[in-house]
Amino acid sequence: IILVGSFVSSAFGFPFTGQRTLLLQSLFENLTKLITAHESIVSGTQIVIVPSPSDCGPSVVLPRPPIPNFFAKPLLDSPANVVLTCNPLKIRYCTQEIVIVRDHLTKKLRRSCVIPPNLEACENLSEHLIRTLIDQ
């Protein structure tokens, strides 16, 4: 199971203080209770947690570091097989490589582009973004 943030409804920010820290810790405690209530998930599933741009972390640049362990301590201490990872994440499954990225890539590329995309030739910006990334 791959869980990709945002794990809170608004941007978390840095440093980690106050009510936001307590909120995120309690949300991970609730997730721990939910997961450990199902033995089949605990015994036979690996859970991967990927942060989003608005989750807790020291920066907004890629790669984003994993969510700090002290937020997910109950989940990490549970018998479940949990991994906190960075964003983007590359997973090798059998012979396939899967890349998981949680970011606003279209917005970042449009902000940095020298020549804007021809919207008449490609009306869907998502297709243009995918073609740009694949052509690299």
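In what follows, Ala, Val, Leu, Ile, Met, Phe, Trp, Tyr, Cys and Pro count as nonpolar, Asp, Glu, Lys and Arg as charged, and the others, Gly among them, as polar. The structure is a predicted model, in which local features need pLDDT of at least 70 and side-chain atom pairs count only at pLDDT 80 or more, while totals for chains, interfaces and linings use all residues. Residues are numbered from 1 along each chain as its sequence is written, and side-chain values use heavy atoms, with hydrogens and water left out.

The largest pocket has a volume of about 160 Å³. A pocket is here an open set of points on a 1 Å grid over the protein atoms alone, where a 1.4 Å probe fits and protein lies on both sides within 12 Å along at least five of seven lines; lining residues have an atom within 4 Å of a point. Grid points are joined across faces, edges and corners, and the volume is the space filled by probe spheres set on the points. The lining consists of I1, I2, Q46, V48, T85, L89, I91, R92 and Y93, which divide into 6 nonpolar, 2 polar and 1 charged. Helices (H or I, at least four residues) and strands (E, at least two) are DSSP runs, numbered from the N terminus.

An open sheet of 3 strands has the order β1-β2-β3, with parallel pairing, where two strands pair if DSSP finds at least two bridges between them. Its edge strands, β1 (2–4) and β3 (81–84), each pair on one side only, and the twist averages 20 degrees from one strand to the next. Strand β2 (residues 46–50) is joined to β3 by 4 bridges; among the partners, Q46 is bridged to N81 in β3.

The loop between β3 and β4 holds P88, which a cis peptide bond with omega of about 10 degrees joins to N87. Strand β4 (residues 89–93) and strand β5 (residues 96–100) run antiparallel and are joined by 5 bridges, including those of L89 with I100 and of Y93 with Q96. The hairpin of β4 and β5 has 2 residues between the strands; C94, in the loop between them, has a phi near 55 degrees, a positive value in a residue other than glycine.

Two packed helices are described by the angle between their axes and the distance between the axes. Axes are lines fitted to C-alpha atoms, for helices over the stretch in contact, and angles run from 0 to 180 degrees between N-to-C directions. Those of helix α4 (residues 105–112) and helix α5 (residues 125–134) come within 10 Å and cross at roughly 75 degrees. The two helices are therefore roughly perpendicular to each other, given that angles under 35 degrees count as roughly parallel, over 145 as roughly antiparallel, 65 to 115 as roughly perpendicular and the rest as oblique. In this contact (heavy atoms within 4.5 Å), L105, T106, L109 and R110 of α4 meet L125, L129 and L133 of α5, and by class there are 5 nonpolar, 1 polar and 1 charged residues.
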